[in-house]
Amino acid sequence: MQSKILKLLQSRFRALKAGDPLGLPITATSNYYLPGGPEADYTYTREGNPSWSAVEAQLEILEGA
């Protein structure tokens, strides 16, 4: 169990870039600015948002997916 907790913590910190918040902000809803076309990671909140992506990544670690 302890190794899974360490993996969860490390997965967040490995993905951080300069200026990113340490704690993942909760994105309940948002509009996304898409200049030129919808090729971005997030285009519409019901299809996905940064909070759901983070939860999915953490569940993958916990379940060994």
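Which helices each supply at least two residues of the lining of the largest pocket? In this predicted model, the answer is helix 1 (2-14) together with helix 2 (50-63). Helix 2 puts in the largest share, with 7 residues of the lining.

As for the pocket itself, it holds about 400 Å³ of space. There are 17 lining residues, and those closest to the pocket centre are Arg12, Ala15, Leu24, Pro50 and Ala54.

Ile5, Leu6, Leu9, Phe13 and Leu22 make up a nonpolar surface patch, which covers about 500 Å². One of these residues, Leu22, sits in the loop that runs between helix 1 and helix 2. Leucine 22 counts as exposed because its relative accessibility is 59%, and the cut-off for that class is over 50%.

Serine 3 makes a handy second case. This residue belongs to helix 1, and its relative accessibility is 46%. That value falls between the cut-offs of 20% and 50%, so serine 3 is classed as partly exposed.

How values were computed:
Residues numbered from 1 in each chain as written. Predicted model: local features only at pLDDT ≥ 70, side-chain atom pairs only at ≥ 80, totals over all residues. Heavy atoms only, no water. 1 Å grid on protein atoms, 1.4 Å probe; cavity = no way out; pocket = protein on both sides within 12 Å on 5 of 7 lines; lining within 4 Å. Points joined across faces, edges and corners; volume = space filled by probe spheres on them. Helix = DSSP H or I, 4+ residues; strand = E, 2+ residues; numbered from the N terminus. Patch = residues over 30% accessible without salt bridge, like charges linked within 9 Å, V, L, I, M, F, W, Y side chains within 5 Å. Areas by Shrake-Rupley, 256 points an atom, 1.4 Å probe, with all protein chains shown as cover. Salt bridge = Lys/Arg side-chain N within 4 Å of Asp/Glu carboxyl O. Buried < 20%, exposed > 50% of the residue type's maximum accessible area, 1.4 Å probe, protein only.
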